[in-house]
Amino acid sequence: MKIRAVIRVMGFIAVAVGIALLAPIGLAFYQNSPDLKSLLFSSAIPLLLGLAALVTTRGGRVDLGTKDGFAIVTFGWLAAALFGALPYFLSGAIEDPASAFFESMSGFTTTGSTILTDIEAMPPSLLLWRSLTQWIGGMGIVVLSVAVLPMLGIGGMQLYRAEMPGPTNDRLTPRIQSAAKTLWGIYLGLTVLCAGLLFACGMSVFDAINHAFCTIATAGFSTKNGSIGSFNSVYIEGVVIFFMLVSATNFSLHMWIFRRRAPRYFKNEEFRLLCVITLLAVTFIAALLYFRDDYAIGQSVRQSLFQVVSILTTTGFGTADYLSWGFGTHIVLFS
């Protein structure tokens, strides 16, 4: 295994985490938040360690092997989660180191589980960091590093394969670096569009940005204890539903828009299956809610559509207590 090359990429990941923390630092500074000092330390630690790794591993171009790729993916996620836990722990918002690491790992892996019981009591800067970890993890911090590996003197094909396993019928671009940059461009564009629409539908700028991060990442962290249901807006729910579906779609299909071949969506078996399963599940659950639980027809469609899409895309947002809907709906939602 090429230890120097692995350390070099790990250094970049540490620097990326440190730079990403500048966003919550800026918010804490603007709000004169008491957690500003802890955020500054949380950013300085990975930045210094990462820069030290980059400086001490300078050298010629190195092509990563399969073992190197898997090593970077494994240790990359661990390092990102470890550095990402620092703001929670150093600020005292989460006093237990294991719990802080859990919250960070849940964010970067877009799992969406949380140890927090009162989300709205968290400082806004930490809520922003919490959402940002999911947004970074949504496309994969390692895929981000692929886009800059040539500048580090490292070939990244094996790293890309390790992070994006499984067969694919579409060749994204002739060069993997170009593909990674294009994917991140699409990802960023969808995030900006989602945030803008959520703001237009009535969310505050802060809530719109946070929920856009977690919607596009199909991750599910929210700034509210009641998740999307706290806003009680059919327009907000509609925007979130649309972008959950878009973000759950294979991003290689989105790239065909740039090639002016959008109809390829409907020729793709995976995309068509997603649409069919969604339609069937929504119809079945809406019927159960209408005939068995006495929901109004509009309400039954609205609630079933949101929860089906949220669970099917593994996002995890909520608008209702679907656990009270009955056993039949549970079978459909979780099967």
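Start by selecting K224: this lysine is partly exposed, with a relative accessible area of 23%. Keep in mind as you go that you are looking at a predicted model.

**Stop 1**

Colour by accessibility and D207 counts as buried, at 8%.

**Stop 2: E237 and R302**

Next, pick E237 and R302, whose side chains meet in a salt bridge at 2.7 Å, N to O. Because E237 belongs to helix 11 and R302 to helix 14 (residues 297-312), the pair links parts that are 65 residues apart in sequence. E237 is buried, with a relative accessible area of 5%, while R302 is partly exposed at 22%.

**Stop 3: E103 and R130**

Move on to E103 and R130. Here the closest N and O atoms of the salt bridge are 2.8 Å apart. With E103 in helix 5 (residues 97-108) and R130 in helix 6 (residues 124-139), the pair ties together parts that are 27 residues apart in sequence. How accessible is E103, buried or exposed? E103 is buried, with a relative accessible area of 0%, and R130 is buried as well, at 2%. A search of the whole structure finds 4 salt bridges, and the pair E103 and R130 is one of them.

**Stop 4: the second largest pocket**

Select F242, V246, T249, H254 and Y265. Of the 15 residues that line the second largest pocket, these lie nearest its centre. Helix 9 (176-200), helix 11 (234-248) and helix 13 (269-291) are the elements that each give two or more residues to this lining. Which helix gives the most? Helix 13 does, with 4 residues. If you are setting up a probe here, the pocket volume is about 370 Å³, and the lining divides into 11 nonpolar residues, 4 polar and no charged.

**Stop 5: a nonpolar patch on the surface**

Finish on the outside by showing the surface of F41, I45, L49, F89 and L90. Together they form a nonpolar patch with about 450 Å² of accessible area. Helix 3 (36-56) and helix 4 (66-91) each supply at least two of its residues.

Conventions
Residues numbered from 1 in each chain as written. Predicted model: local features only at pLDDT ≥ 70, side-chain atom pairs only at ≥ 80, totals over all residues. Heavy atoms only, no water. 1 Å grid on protein atoms, 1.4 Å probe; cavity = no way out; pocket = protein on both sides within 12 Å on 5 of 7 lines; lining within 4 Å. Points joined across faces, edges and corners; volume = space filled by probe spheres on them. Nonpolar A, V, L, I, M, F, W, Y, C, P; charged D, E, K, R; others polar. Patch = residues over 30% accessible without salt bridge, like charges linked within 9 Å, V, L, I, M, F, W, Y side chains within 5 Å. Areas by Shrake-Rupley, 256 points an atom, 1.4 Å probe, with all protein chains shown as cover. Buried < 20%, exposed > 50% of the residue type's maximum accessible area, 1.4 Å probe, protein only.
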